Amino acid sequence: MNLQNIWFIMKREFNGYFATPVAYVFLVIFLLLTGFSTFFVGNFFERGEADLYPFFSLHPWLYILLIPAISMRLWSEERKSGSIELLMTLPISVFDAVLGKFLAAWAFTGLALMLNFPLWITVNYLGSPDNGVIFAGFLGSLLMAGGFLAIGSCISAVTKNQVIAFVLSLVASLVFVLSGYGIVLDFFSSWAPSALIDAISSFSFLTHFDAISKGVIDMRDMLYFASVIMVWLFANAIVINVRKAD
Amino acid sequence: MTLRIEIKDLAKHFGAIKAVDGVSFSVNKGEVLGFLGPNGAGKSTTMKMITGFLTPTRGTVSVCGHDVLTDPIAVKASLGYLPEGAPAYADMTPHSFLKFIADIRGLSGAEKTRAVDSAAERAQIKNVMFQPIETLSKGYKRRVGLAQAILHNPPVLILDEPTDGLDPNQKHEVRNLINDMAEDKAIIISTHILEEVHALCTRNVVIANGKVQFNGTPHELEAMSRYHNAVCVAVDNADADKFTAFLNDLEFVGEVELLAAERGFRVYPTSGQQITAELSQTIRANGWNIDSLYAENGRLDEVFRTITTNSTQGGI
């Protein structure tokens, strides 16, 4: 790993979001949707509680839709335009490139998340929330976004077509969220052994995100997201190695 | 160190297709190796293996003493590469693109500014430095790719069709640029523009069906032409039949061909030797008046066709 190269790749990729309207469209839509879900779906005011639970609880569903839109271009665009040949013949390792691109997308998502700071100000103005819990919520949301991005990045390396990358990433993300959802688990609970059900639900982003967003920063949940990210990024590097020239 | 690139028994198979099948050659410092061959002959595939983009099925590549399989980063650091079609990041400007390449190449500060400046200057893209690459013409895009390849002044340059899509003036400039750099670098350029054989190359490798069909100087390549050293001659006071008979009787003449539209005769030597002086003396001594007389160098397009189509019959 060469930190400097990772930084250069990340910087280029991050600036790339702002070279086209993509970044601005995404940021505006993201803020509209988080606002909408917080106030109308999550009933921020009606609940009368000084926390940001309505804001965070819908993040998994927002991410399913929006994260693939960020991750889809990461590699499929490089493959389609042929610039991957340029990138992969520069003196950098494949993993440095994968990590640099991932970090750029993650930083961009982080920026989108940070732009929700007026909500934090609002809730602090209206009441006296536990800011530790809110911080945990942001951390959990960011980690979960990282997980979705790693999945999307790997999938975008599989295809040259950004639309395919988007749809496949969306489905894969859905699987990772739904596996912790009551309805899906009920489907298994009638016949599957409880060990399997636990295994399925423990693979869900929801299970781990819920705990963190409620303010419980458990090492195991952090480790879960860290390992999801690493596993998908390693798979991403392997896919690039195998398919870069196709 | 003069040996810069050494390729031994290089092969790349895509399933049953043998894109490159046992290619060996080497390039020294100061050489410009012209890599010729029809489309699909394996030129680009070979270049992709030299630059570490593709992993060979078999064989070895070493660049500046580094093996591409065991030390790919060192190989990539020591070469500049213009991939086929000159891909770049379309939404960047040449300026930010070259700065990014300079970063990755380990240049910083004043050195970086100077490298970007000089590469832009030599590739003649200074006037478009702040326009998005996607808005540039094909010729400019190619030259942005070229600037990117020469930016860090690498000891080895691999250029895949560097003059493709350029107009004649731009081609001329790019050739001058390559010639200027040739002295202290080892350069491989692929092309199917045969005039570049003379304009650029000190040596040629012709490849067809994944195999090397020829490896030698441009002069040796021409010498393979049946027109090599043939002399075209026209005389003004001659009866064609008589003159043909006269030429056929000469001991150094192998064959005589009557050119169309009374443009004269083409006289082939018996075994490729130079016969111009001897022929002109003999003709004059026998009382014919020479209208015009010139020797041919050999036709590269004919040699190219012969070399590359003969191998097709033996191949797939």
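Analyst: **An open sheet in chain B**

Four strands of chain B form an open sheet in the order β12-β13-β11-β14, with antiparallel pairing. Strands here are DSSP runs of E with at least two residues, helices are runs of H or I with at least four, and both are numbered from the N terminus. Two strands count as paired if DSSP finds at least two bridges between them. Strands of a sheet pair through backbone hydrogen bonds, either parallel or antiparallel.

The model is predicted: local features need pLDDT of at least 70, side-chain atom pairs count only at pLDDT 80 or more, and totals for chains, interfaces and linings use all residues. Residues are numbered from 1 along each chain as its sequence is written, while chains are lettered from A and ligands numbered from 1 in the order in which they are written.

The edges of the sheet are β12 (253–258) and β14 (290–295) of chain B, each of which pairs on one side only. Direction ignored, neighbouring strands of this sheet are turned by 20° against each other on average. Such angles run from 0 to 180 degrees between N-to-C directions, and the axes are lines fitted to C-alpha atoms, for helices over the stretch in contact.

Inside the sheet, β11 (residues 231–235) and β13 (residues 265–269) of chain B run antiparallel and are joined by three bridges. Cys232(B) has Arg266(B) of β13(B) as its bridge partner. A helix accompanies these strands: α9 (residues 240–249) of chain B lies across β11, β12 and β13 of chain B and runs at about 160° to β12(B).

**The rest of chain B**

Chain B has eleven helices and 14 strands in total, and its C-alpha trace spans about 75 × 45 × 35 Å along the principal axes.

Another set of paired strands starts with β1 (residues 3–14) of chain B. Nine bridges join β1(B) to β2 (residues 17–28) of chain B, and the two run antiparallel. Leu3(B) is paired with Asn28(B) in β2(B). The two strands make a hairpin with two residues between them, and Gly15(B) in its turn has a positive phi of about 60°. β1(B) is also joined by five bridges to β4 (residues 58–63) of chain B, again antiparallel, with Ile5(B) opposite Val63(B).

β4(B) in turn is joined by two bridges to the antiparallel strand β5 (residues 66–67) of chain B, where Ser62(B) stands opposite Asp67(B). β4(B) and β5(B) form a hairpin with two residues between them, and Cys64(B) in the turn has a positive phi of about 50°.

Of the 316 residues of chain B, 43% are buried. A residue is buried if 20 or more other C-beta atoms lie within 10 Å of its own, exposed if 12 or fewer do, and partly exposed in between, with C-beta atoms placed from the backbone. Among contacts in chain B with a separation of 6 or more, 69% link residues 24 or more positions apart. A contact means that the C-beta atoms of two residues, placed from the backbone, lie within 7 Å.

**The other chain**

Chain A has 18 residues in contact with 20 residues of chain B. On the chain A side, α1 (3–19) and α7 (83–87) are the elements that give two or more residues. The largest share, five residues, comes from α1(A). This side of chain A has eight nonpolar, eight polar and two charged residues. In these classes, Ala, Val, Leu, Ile, Met, Phe, Trp, Tyr, Cys and Pro are nonpolar, Asp, Glu, Lys and Arg are charged, and the others, including Gly, are polar.

Elsewhere in chain A, helices α2 (residues 22–41) and α5 (residues 59–71) pack at an angle of about 175° with their axes 12 Å apart. α2(A) is therefore roughly antiparallel to α5(A); the cut-offs are under 35 degrees for roughly parallel, over 145 for roughly antiparallel, 65 to 115 for roughly perpendicular, and oblique for the rest. The residues in this contact include Phe26(A) and Phe30(A) of α2(A) and Leu62(A) and Leu66(A) of α5(A).
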